[in-house]
Amino acid sequence: MSWQKEFKKNVKTLDELKQYLDILPEEEEELSQVIDIHPMSIPRYYLSLIDKNDPKDPIRRMAVPSADELDVAGSYDTSGEKENTKFPGLQHKYPTTVLLLSTNICSMYCRHCFRKRMVGLSNDEIVDRFNRAVEYIKAHEEVNNVLISGGDFLTLKTSIIDKLFGDITKIPHLDFIRFGSRMPVTFPDRILKDPELLKVLSKHSAKNKRLYMVTHFNHKNEITEKAMDGIDRVIRSGVIINNQTVLLKGVNDSPEALAELQNGLVRIGVNPYYIFQCRPVKRVKSNFQLPLIKGYRIVEKAKVNMNGHSKRFKFVMAHKTGKIEIIGAIGEELIFKYHQAKKPEDQGRIFKKKIRYSAGWLDEQPYC
Ligand code: SF4
């Protein structure tokens, strides 16, 4: 079966889901309400990773809606994406990096996603959006890299991916191009069943202008034989793979789970890049976010069981003022550092805040 046909078989309704998992009758009404607002779409491969006998299974937590999503504490735009948007689909927050939102479609709609607010686009709109983005990047010589995100860039047709890479890699002032995809994790057949995609990656990942895939493994149970095969083929096509993990309550919120994940990634050739504090997104915050101080302690404890390679990541918050690293705790204070700053004067700035034990985001921490 082609990857497109398989993709169409994603589980999208409660009736389909009930064929795989036990859903209590009293849960059904609430889950339907959640799905009406934020759709469900789970690849059958990813569903097969769930332990049906464990209602708290970490894979289930990421894929299957829960009534906790009815809690609307938080915001839909926690990183100031709106104010950094130059035109639909293009954001320019940091001088050297442009973020291009290619599509709103994903292989799976992760329940912890922070871009829950986005809406659908046709293929024609995507191509128009790309053409405009290419002109913008050409006109901004300070930009040395592009991150193509979404949605999931690899849900697009291989011919569109080829065209965009072709146009973007010709821009002389770009050093490298990144693209975000959770396909190796949730739907490896996108890679395994499309040799043409691998040829496209290989064609555009040049020795002096490398393609980087940014993927998103959150738990060791996602590192399966199939996921490893997908990763291996992408690496062999000349693409470097970095991973962004989100620290998630009930998924990877123990030092052991986090260490097993990061060590597993290094084993398969994926570079640990960031661990993100879960954003205070509506319908995500109360379900998945941990307090900052708790997250910091889990990450530090996990590092005891990691080697230097496994702990190359930074534990950061993607805040509207920049990417802020949580670097330490001394006594009753938490210490932060701007790893990337929207305002140049903030770059590298170290600051501290009194610990509030319930605070999950910078704005909830009191100033010292
Ligand atoms: S693959 Fe990424 S963008 Fe898509 S739903 Fe999951 S977290 Fe969100």
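User: Which residues of α10 are buried?

Analyst: Happy to start there, with a note that this is a predicted model, where local features need pLDDT of at least 70, side-chain atom pairs count only at pLDDT 80 or more, and totals for chains, interfaces and linings use all residues. Residues are numbered from 1 along each chain as its sequence is written. Helices (H or I, at least four residues) and strands (E, at least two) are DSSP runs, numbered from the N terminus. Buried means that 20 or more other C-beta atoms, placed from the backbone, lie within 10 Å of a residue's own, while 12 or fewer means exposed and anything in between partly exposed; in α10 the buried residues are Leu197, Val200, Leu201 and His204.

User: Within what arc do the buried residues of α10 fall, seen down its axis?

Analyst: An α-helix has 3.6 residues a turn, so residues three or four places apart point the same way. The arc is taken over the directions from the helix axis to the C-beta atoms. The buried residues of α10 line one face of the helix, because they fall within an arc of 100°.

User: At roughly what angle do the axes of α7 and α10 cross?

Analyst: Axes here are lines fitted to C-alpha atoms, for helices over the stretch in contact, with angles running from 0 to 180 degrees between N-to-C directions. Helix α7 (residues 158–169) and helix α10 (residues 195–204) have axes that come within 10 Å and cross at roughly 0°.

User: Which residues of α10 does α7 meet?

Analyst: Contact means C-beta atoms, placed from the backbone, within 7 Å. From α7, the residues taking part are Thr158, Ile161, Asp162, Phe165, Gly166 and Thr169. Their partners in α10 are Glu196, Leu197, Val200 and His204.

User: Is Arg283 buried or exposed?

Analyst: Arg283 sits in the loop between β8 (271–277) and α13 (285–288). Its phi is near 70°, a positive value in a residue other than glycine. Because 24 other C-beta atoms lie within 10 Å, Arg283 is buried.

User: Is Glu142 buried or exposed?

Analyst: Glu142 belongs to the loop between α6 (123–139) and β4 (145–149). Leaving aside neighbours within four places in sequence, Glu142 is in contact with Pro95 and Thr96. Because Glu142 has 11 C-beta neighbours inside 10 Å, it counts as exposed.

Methods
Contact = placed C-beta atoms within 7 Å.
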